[in-house]
Amino acid sequence: MEMATNTDNKTNIDGNNQDCTAISFETHGTHPKACIEGFEKTTNWRFPRLLISDNKQLAVKCLCHALVLAYILAAVHHWYLSGVKDIGWKNGLGLLIVLVTCYYGVMPVKCMLTLIPVEKLVKVLPLEHFKIGVLCTFLGSFVLFLFFDTKNNRHRLLPLAGLGLFVLVGFIFSKHRGHVNWTTVASGLATQITIGLLTIRWKVGRSIVQAVGQLAEKFFSFAYIGAKVTYGHELIDNYGVFAFKVLSVLFFMCFVIEILFYYGIIQTIVIKLGWCLQKLLGTTAVESVNTCASVFLGMSEAPIMIKPYLADLTESEIHTVMMGGFSTVAGTVFAAYTSFGIDPAYLITASVMSAPTALSFSKLIFPETEKSVNSVDQICPKKTNDEGNVMDAACKGAQFGLKIIGAIVANIVAFVSFVAFINAVITWLGHLVGVDNLSFEYVLGKMLIPVTWLLGVDPSECEAVGKLIGLKMTINEFVAYKEMGDLIKEGKLNRKSEIVATFALCSFANPGSIGTMIATLTTLCPTQRSAITKNVFRAFLGGTITCFLTAAIASLLIIEEGLND
């Protein structure tokens with residue numbers, strides 16, 4: 001491969017090979033223009049910063065594909081000679097075939113989209129009235145399906161009433177009730193239901209999600225090797241100290257994510273998903289991309305992708321950006337939750353299901369009344385110029401993990417201590433009037449019993465699940481999941497209550513996150529400070545109710561036969 005040796009050569013090569021253009025995430029002085037062409041250029045992230053001729057680049061690509069094919073053939077040959085019947089869909093040859101199929105399966109789709117002009121493709125998309133008809137048919141069919149599916153246990157229909165009540169509450173407290181786009185609201189629920197049917201009810205889909213969860217756990221476990229080298233075998237294996245074992249995974253995750261971000265892989269994924277959500281729900285590009293990114297990156301990191309566009313967002317879009325962060329959890333913290341005994345498959349499903357609902361429910365409680373100036377074509381998978389190379393980016397990612405871990409430890413210590421203090425005060429006040437064993441958790445558990453009952457939790461366990469939700473709303477989800485893990489070990493939660501609680505707790509909607517959200521967005525865009533601070537609490541409540549909607553749908557779809565699969 002020929003590297004540019006001087007300025008003249010570099011300029012000449014750059015002119016002939018625009019695929020190698022380096023772009024950044026810096027805020028531009030003017031509003032970003034449409035950059036479909038730039039998006040196509042930057043999708044070739046596999047050979048970053050290599051200024052090589054088109055012919056040689058094609059030869060390198062062909063060689064790589066040939067090596068991949070040869071390796072797959074060798075793996076198939078080895079499996080055939082071994083005589084093993086199990087192809088290993090979770091961790092063997094089957095997994096390799098799935099990954100390769102997913103990668104190469106995208107190429108025919110790209111070819112089709114290249115042959116069909118985008119303008120003509122948009123014209124053949126369903127009209128609004130046709131979309132409404134499809135939504136009505138889908139939701140009606142779903143209700144009919146539930147009617148027959150619950151014929152032996154009508155108590156399972158209770159979460160359906162919960163869904164209706166949560167939507168009604170959102171409408172009552174909507175900021176502009178006359179501007180609610182019910183098509184967007186219904187589209188979000190339909191998308192969430194579809195994801196739930198595929199990942200909860202469909203046995204094959206459930207197996208796929210469980211396999212992904214197991215792979216995620218195995219991936220997280222590699223961080224323990226570095227932790228043992230750093231902190232010692234005793235702290236990690238024998239004592240399992242949370243700050244040293246569990247939180248060490250965040251160093252590893254931030255390290256890997258920064259590498260993926262450097263090569264533009266995460267940006268490309270979330271932009272594609274954001275485009276899909278925009279077309280499905282009718283939401284704008286920036287808020288759709290941010291909500292998708294929140295599932296992968298988290299509420300603090302996702303807005304970085306849309307930084308150049310924050311200043312031009314409407315107040316409703318700012319609210320949706322915040323609510324997207326409050327409604328999901330980042331993939332970087334899954335390991336911390338799974339260490340408490342939480343099922344990783346349901347964590348992944350809960351976070352993914354909440355993304356479309358966060359968008360649609362946000363447009364219910366804060367409908368759009370202004371004209372958006374952003375489109376998905378303006379958001380490009382740009383890399384940063386801050387890092388000199390991939391190793392620099394990876395090291396910065398690991399160092400950023402230190403900030404996250406410090407924030408987690410500080411919040412847990414401070415909030416748990418504060419709750420202990422509140423508990424002592426409440427217990428003392430209760431003792432003075434003859435009420436023993438009165439505590440903060442006891443009060444929260446009692447207050448949230450109606451909510452957990454509407455989610456389909458067994459009546460005998462409603463108070464326990466309500467206490468968990470209360471802990472999450474007043475402290476954070478780490479403390480709530482830790483308490484939930486203890487309840488699971490003690491056998492105080494049945495399998496359905498465990499699953500419903502997993503969905504209901506799976507978001508960053510907690511008091512500490514309010515401060516984090518305000519600090520992040522006001523730093524990225526000081527001009528939107530008023531809109532951010534004015535609407536952050538509404539977004540916090542909306543994110544909490546979004547989790548209730550997700551938990552209600554999960555509860556509707558869970559059947560007794562599938563609880564132990």
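This is a predicted model: local features need pLDDT of at least 70, side-chain atom pairs count only at pLDDT 80 or more; totals for chains, interfaces and linings use all residues.

Student: Okay. How many helices and strands does the protein have?
Tutor: There are 24 helices and zero strands. Helices (H or I, at least four residues) and strands (E, at least two) are DSSP runs, numbered from the N terminus.

Student: And how much of the protein is buried?
Tutor: Buried residues make up 47% of the 565 residues. Buried means under 20% relative accessible area, exposed means over 50%, and partly exposed is in between (1.4 Å probe, protein chains only).

Student: Which residues in the largest nonpolar core touch the most other members?
Tutor: Those are M322, F326, Y337, L455, Y481 and F503, out of 103 residues in that core. Helix α24 (residues 529-557) gives the most to this core, with 14 residues. A nonpolar core is a set of buried Ala, Val, Leu, Ile, Met, Phe, Trp, Tyr and Cys residues joined through side-chain atoms within 4.5 Å.

Student: Let's pick Y337. What is Y337 in contact with?
Tutor: Leaving aside neighbours within four places in sequence, the partners of Y337 include Y481, F478 and F508. Contact means heavy atoms within 4.5 Å.

Student: New topic: T320. Is T320 buried or exposed?
Tutor: T320 counts as buried because its relative accessibility is 1%. T320 lies in helix α14 (residues 315-327).

Student: What does the side chain of T320 join up with in a polar contact?
Tutor: With the side chain of E287, at 3.4 Å. A polar contact is a pair of N or O atoms within 3.5 Å; within protein, one must be able to donate a hydrogen and the other to accept it, and residues adjacent in sequence count only if both atoms are side-chain atoms.

Student: How many salt bridges does the structure hold?
Tutor: Twelve. A salt bridge is a side-chain nitrogen of Lys or Arg within 4 Å of a carboxyl oxygen of Asp or Glu. In one of them, K175 pairs with E315, with the closest N and O atoms 3.6 Å apart. That pair links distant parts of the chain, since K175 is in the loop between α7 (158-172) and α8 (182-201), while E315 is in helix α14, 140 residues apart.

Student: Is K175 exposed, partly exposed or buried?
Tutor: K175 counts as partly exposed, at 34% relative accessibility. E315 counts as partly exposed too, at 21%.

Student: What about E498 and R495?
Tutor: Their side chains meet in a salt bridge (2.9 Å, N to O). E498 and R495 are separated by about one helical turn because they are three residues apart in helix α22 (residues 495-505). E498 is buried, with a relative accessible area of 10%, whereas R495 is partly exposed at 21%.

Student: Last one. Which residues form a nonpolar patch on the surface?
Tutor: F418, F421, V425, W428, L429, L432, V433 and V435, with about 820 Å² of accessible area together. Patches are made of residues with over 30% relative accessible area and no salt bridge: like charges are joined within 9 Å, nonpolar side chains (Val, Leu, Ile, Met, Phe, Trp, Tyr) within 5 Å. Accessible areas come from the Shrake-Rupley method with a 1.4 Å probe; for residues, only the protein chains shown count as cover.

Key. Residues are numbered from 1 along each chain as its sequence is written. Side-chain values use heavy atoms; hydrogens and water are left out.
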